[in-house]
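Visitor: I would like to learn how to read a model of this kind, feature by feature. Could we begin with whatever the structure itself shows once it is in view?

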Amino acid sequence: MDWLIWVGAAISVAGLAGLIWCIQAVWRARRAGLSDEALRERVRRVVPLNMAALLLSVFGLIVVILGIALG
């Protein structure tokens, strides 16, 4: 079941990359000096992607734990 651990780790890394992208997107929006309403709109668009990346990362960790338990 070693392959399950590596697949889970890859999924977790993909989720982590998504989280880093979300952080950078909001950081760039804050630095752009947008108005309050425009900044809220940008953040509102990033939140679902942030939650999806977090879910992907957690799913990958669950797969890793499953691979360890079965191995």
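Guide: Let us begin with packing, keeping in mind that this is a predicted model. The buried residues of α2 pack against α1, and the cover over the buried residues of α1 in turn includes α2.

Visitor: Which residues of α2 are buried?

Guide: A residue is called buried when its relative accessible area is under 20%. In α2 the buried residues are V46, A53, S57, G60, V63, V64 and G67, while in α1 they are L4, G8, S12, G15, L19, C22, A25 and A29.

Visitor: Why does S12 count as buried, and which residues does S12 touch?

Guide: S12, which is found in helix α1 (residues 2–31), counts as buried because its relative accessibility is 10%, and the cut-off for that word is under 20%. If residues up to four places away in sequence are not counted, S12 touches S57, G60 and L61.

Visitor: Which residues are in contact with S57, leaving aside its neighbours within four places in sequence?

Guide: With those neighbours set aside, S57 is in contact with S12, G15 and L16. S57 is found in helix α2, and S57 counts as buried because its relative accessibility is 13%.

Visitor: How should I judge the span of a helix, and what does α1 reach from its first C-alpha to its last?

Guide: The idea is to set the end-to-end distance beside the one expected at 1.5 Å a residue. For α1, with 30 residues, the distance from first C-alpha to last is 43 Å, close to the expected 44 Å; for α2, with 35 residues, the distance is 50 Å, close to the expected 51 Å.

Visitor: Where in α2 does a kink lie?

Guide: A bend is read as the angle between axes fitted to the residues on either side of a position. In α2 there is a kink of about 25 degrees at V46, shortly before the proline P48. As for the backbone just after α1, G33 takes a positive phi of about 70 degrees there.

Visitor: How many salt bridges does a search of the whole structure find?

Guide: Side chains of opposite charge can pair when their charged atoms come close. A search of the whole structure finds 2 salt bridges. In one of them D36 pairs with R40, with 3.3 Å between the closest N and O atoms; in another, the side chains of R44 and E41 meet at 3.1 Å, N to O.

Visitor: How far apart in helix α2 are D36 and R40?

Guide: D36 and R40 are 4 residues apart in helix α2, and therefore they are separated by about one helical turn. R44 and E41 also both lie in helix α2, where they are 3 residues apart, about one turn of the helix.

Visitor: Which residues make the nonpolar surface patch?

Guide: V43, V47, M51, L54, V58 and I62 make a nonpolar surface patch of about 490 Å². To take one of its members as an example, L54 lies in helix α2 (residues 36–70), and L54 is partly exposed because its relative accessible area is 40%, given that partly exposed covers the range between buried, under 20%, and exposed, over 50%.

Technical notes: Residues are numbered from 1 along each chain as its sequence is written. This is a predicted model: local features need pLDDT of at least 70, side-chain atom pairs count only at pLDDT 80 or more; totals for chains, interfaces and linings use all residues. Side-chain values use heavy atoms; hydrogens and water are left out. Patches are made of residues with over 30% relative accessible area and no salt bridge: like charges are joined within 9 Å, nonpolar side chains (Val, Leu, Ile, Met, Phe, Trp, Tyr) within 5 Å. Accessible areas come from the Shrake-Rupley method with a 1.4 Å probe; for residues, only the protein chains shown count as cover. A salt bridge is a side-chain nitrogen of Lys or Arg within 4 Å of a carboxyl oxygen of Asp or Glu. Helices (H or I, at least four residues) and strands (E, at least two) are DSSP runs, numbered from the N terminus. Buried means under 20% relative accessible area, exposed over 50%, partly exposed in between (1.4 Å probe, protein chains only). Contact means heavy atoms within 4.5 Å. The expected span of a helix is 1.5 Å times one less than its number of residues. The bend at a residue is the angle between axes fitted to the seven residues ending there and the seven starting there.
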